[in-house]
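Hello,

Here is the structure you were going to look at. Please open it first, then read the notes below it.

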Amino acid sequence: HDYVEEWVSYHFALGFSHIYIYDNSIDPTRLQRWNDRRQIPNLRVVEYPGTNVDIPAYKACAQQVVEKEHTWLTFLDMDEFFVLK
């Protein structure tokens with residue numbers, strides 16, 4: 001999970017206040033166990049198994065954003081980095 005740690009660190013360094021990871025991998029508990037060991041504040045891993053779950057996951061995340069009253073939201077895959085120009 002080295003790439004996950006890099007991805008999370010990068011986005012927090014940019015100024016992201018919270019990160020929600022919706023994990024639909026083959027072993028969704030693996031990423032949760034990784035996060036449990038690190039106990040990174042403001043990082044939440046949500047197990048979201050299944051296929052074709054992108055849109056439902058986006059909607060669930062957007063609902064979290066509304067409930068937590070966050071100002072900004074972006075959807076990124078783990079191989080995508082938010083780049084400021």
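Phenylalanine 16 is partly exposed, with a relative accessibility of 24%. The model is a predicted one, and every value in this email is computed from it.

The next topic is ring pairs. A pair of aromatic rings is described by how far apart the centres are and by the angle of the planes. The model has four aromatic pairs. One of them joins phenylalanine 16 and phenylalanine 82: the centres are 5.8 Å apart and the planes are at 75°. This pair counts as edge-to-face, because the angle is over 60 degrees. Phenylalanine 16 sits in the loop between helix H1 (2-14) and strand S1 (19-23), while phenylalanine 82 is in the segment after helix H3 (54-68), so the pair ties together parts that lie 66 residues apart in sequence. Phenylalanine 82 is partly exposed, at 32% relative accessibility.

Another of the pairs is formed by tyrosine 58 and phenylalanine 75, with 4.5 Å centre to centre and 40° between the planes, which is a tilted arrangement. Tyrosine 58 belongs to helix H3 and phenylalanine 75 to the segment after H3, so this pair links parts 17 residues apart in sequence. Tyrosine 58 is partly exposed at 33% relative accessibility, and phenylalanine 75 is partly exposed at 38%.

Now a residue from another helix. Is asparagine 35 buried or exposed? Asparagine 35 has a relative accessible area of 7%, so it is buried, the cut-off being under 20%. Asparagine 35 is part of helix H2 (residues 28-38). Beyond its neighbours within four places in sequence, asparagine 35 is in contact with Ile40, Leu43 and Val45.

Regards

Methods
Residues are numbered from 1 along each chain as its sequence is written. This is a predicted model: local features need pLDDT of at least 70, side-chain atom pairs count only at pLDDT 80 or more; totals for chains, interfaces and linings use all residues. Side-chain values use heavy atoms; hydrogens and water are left out. Helices (H or I, at least four residues) and strands (E, at least two) are DSSP runs, numbered from the N terminus. Buried means under 20% relative accessible area, exposed over 50%, partly exposed in between (1.4 Å probe, protein chains only). Contact means heavy atoms within 4.5 Å. Rings of Phe, Tyr and Trp (its six-membered ring) pair if their centres lie within 6.5 Å; planes under 30 degrees apart count as stacked, over 60 as edge-to-face and the rest as tilted.
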